[in-house]
Amino acid sequence: MEQRFVKESRTYKTSRIFPTDVNNHNTLFGGKLMAYIDDIASISASKHCRRSVVTASTDSVDFLSPIRPTDSVCLESFVTWTGKSSMEVFVKVITEDLKTGERTIAATSFLTFVALDENKRPVQVPQVIPETEEERRLNATGTRRAEMRKTRREQSKEFSDHLITRFPWE
Ligand SMILES: CC(C)(COP(=O)(O)OP(=O)(O)OC[C@H]1O[C@@H](n2cnc3c(N)ncnc32)[C@H](O)[C@@H]1OP(=O)(O)O)[C@@H](O)C(=O)NCCC(=O)NCCS
């Protein structure tokens, strides 16, 4: 089976925080950061499999500390674990105070992408090979997170089967 190193999907994006990016606390709006996360993670997934990919789930986004207009925000993302057609991507958000240079882990996120073939059907992806200690730790814990996703997917399906599609004004 084809294999790719984690480093082959590693992607970085650094941005400033502009006035249009902040919420009423004058810190980065969470929705803006989530858009950055989905964007960079999809690039990592595409680099890993060199196929079309779709976001199957955003498994978690943990906002650990506020991001201020005086910070730069750097996102780092890479594929940590692979199933058959699915890829788990980890995104680490690091802020840097541009005056002092102090760095903080501001958020972390796990997402799952699925590779699609020309007919938009899920298709096998290369296995991922971790090398660094951080990559090995994330890879080793990937199977447990995949099991949790499977359980959540089943629960979510069961839950949505009982939801109505009628709008309140109808
Ligand atoms: C994701 C999607 C392609 C899966 O298709 P499917 O027909 O359900 O495919 P399968 O049941 O065969 O699952 C294929 C893989 O996706 C994984 N998967 C499916 N739904 C998932 C979910 N909600 N979370 C995590 N993984 C999921 C399965 O575990 C499986 O992984 P594996 O091949 O590594 O074992 C399909 O549900 C889809 O197109 N969803 C919409 C995606 C989208 O529009 N994203 C943009 C959001 S705006």
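Guide: The chain holds three helices and seven strands, and their order from the N terminus is β-β-α-β-β-β-β-β-α-α. This is a predicted model, in which local features need pLDDT of at least 70, side-chain atom pairs count only at pLDDT 80 or more, and totals for chains, interfaces and linings use all residues. Residues are numbered from 1 along each chain as its sequence is written.

Visitor: What makes a stretch a helix or a strand here?
Guide: Both are DSSP runs, numbered from the N terminus: a helix is H or I over at least four residues, a strand is E over at least two. One of the helices is α2, residues 133-140.

Visitor: Why is Arg 137 called exposed?
Guide: Arg 137 has 12 other C-beta atoms within 10 Å.

Visitor: What about Asn 26, buried or exposed?
Guide: Exposed, because Asn 26 has 11 other C-beta atoms within 10 Å. Asn 26 sits in the loop between β2 (11-16) and α1, and its phi is near 60°, a positive value in a residue other than glycine.

Visitor: How do you know that Lys 120 is exposed?
Guide: Its count is 9 other C-beta atoms within 10 Å, so Lys 120 is exposed. Lys 120 lies in the loop between β6 and β7 (127-129) and, although not a glycine, has a positive phi of about 65°.

Visitor: Which residues of α1 are buried?
Guide: They are Leu 33, Tyr 36, Ile 37, Ile 40, Ala 41, Ser 44, Ala 45, His 48 and Cys 49. By contrast, α3 is hardly covered, with one buried residue among its 19. Over the chain, buried residues make up 28% of the 170 residues.

Visitor: What makes a group of residues a nonpolar core?
Guide: It is a set of buried Ala, Val, Leu, Ile, Met, Phe, Trp, Tyr and Cys residues joined through C-beta atoms within 7 Å. The largest one has 32 residues, and Ala 45, Val 89 and Val 91 have the most contacts inside it. The elements giving two or more residues to this core are α1 (30-49), β4 (71-82), β5 (86-97) and β6.

Visitor: Which residues does Ala 45 touch?
Guide: Leaving out residues up to four places away in sequence, Ala 45 touches Val 53, Val 79, Met 87, Val 89 and Phe 113. Contact here means that C-beta atoms, placed from the backbone, lie within 7 Å.

Visitor: How many residues surround the ligand?
Guide: There are 13, and the closest are Ser 57, Gly 83, Lys 84, Ser 85 and Ser 86. A residue is near the molecule if its C-beta atom, placed from the backbone, lies within 6 Å of it. The largest share of this shell, four residues, comes from β3.

Conventions:
Buried ≥ 20, exposed ≤ 12 C-beta atoms within 10 Å, placed from the backbone. Contact = placed C-beta atoms within 7 Å.
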